[in-house]
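Me: Could you walk me through the charged side-chain contacts here? I would like the cut-offs along with the answers.

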Amino acid sequence: METNYLIEAEIDNSNLPAITPEILQERRVAIYELLQSNKFSLPDRGNRRAPPGPYRLRIGMQNGRVVFDISTMDGSRVTEFHISLAPFRQITKDYFSIMGSYFDAVKALPSSKIETIDMARRGIHNEGARLLAERLEGKIVVDGDTARRLFTLVCALQVER
């Protein structure tokens with residue numbers, strides 16, 4: 001039976017500014033999509049075997065770093081680690097810029113123009129997912145789709161920053 005997946009994901013809002021209803025909805029959608037399909041496991045560390053999943057993820061911000069707090073299905077804490085946002089600064093800036101263009105395009109432009117912007121959006125999203133997977137190496141193991149969805153959550157943490 002496959003156990004390498006997330007059964008729950010939530011955003012820790014304790015260190016985040018107040019958000020608009022639109023941003024709250026964006027976060028809910030990102031979490032929903034992540035939980036619908038994901039591959040998520042913890043690597044063994046030295047002689048210590050990682051506990052089997054499924055896992056619970058709490059993601060938040062602390063001192064300008066993304067915090068991944070991981071526990072087992074029964075709520076037992078497994079690990080917490082922090083990753084710097086510095087390597088993501090340009091890609092998240094590009095991501096927010098292209099997302100703004102995409103939302104504006106959907107309202108007014110023909111489908112051929114929307115498709116072009118959407119291709120660029122997907123390229124930036126893929127690059128962000130690749131970078132996130134690199135930064136998570138040795139901490140968690142994810143597939144490409146899960147990295148994409150986690151990158152969306154990392155971006156959703158920064159929307160109001």
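Reply: Happy to! Buried means under 20% relative accessible area, exposed over 50%, and partly exposed in between (1.4 Å probe, protein chains only). This is a predicted model, where local features need pLDDT of at least 70, side-chain atom pairs count only at pLDDT 80 or more, and totals for chains, interfaces and linings use all residues. Residues are numbered from 1 along each chain as its sequence is written, and side-chain values use heavy atoms, with hydrogens and water left out.

Me: With that scale, is glutamate 80 buried, exposed or partly exposed?

Reply: Its relative accessible area is 35%. That value lies between the 20% and 50% limits, so glutamate 80 is partly exposed.

Me: How many salt bridges does a search of the whole structure find?

Reply: A salt bridge here is a side-chain nitrogen of Lys or Arg within 4 Å of a carboxyl oxygen of Asp or Glu. One network of them links Glu10, Asp12 and Arg58. Searching the whole structure gives a count of 10.

Me: What is the N to O distance between glutamate 80 and arginine 77?

Reply: Arginine 77 is exposed, at 53% relative accessible area. Its side chain meets aspartate 69 in a salt bridge at 3.0 Å. With glutamate 80, the N to O distance in the salt bridge is 2.2 Å.

Me: Which residue meets arginine 122 in a salt bridge?

Reply: Arginine 122 is partly exposed at 37% relative accessibility. The N to O distance in this bridge is 3.4 Å. The partner counts as buried, at 15%: aspartate 118.
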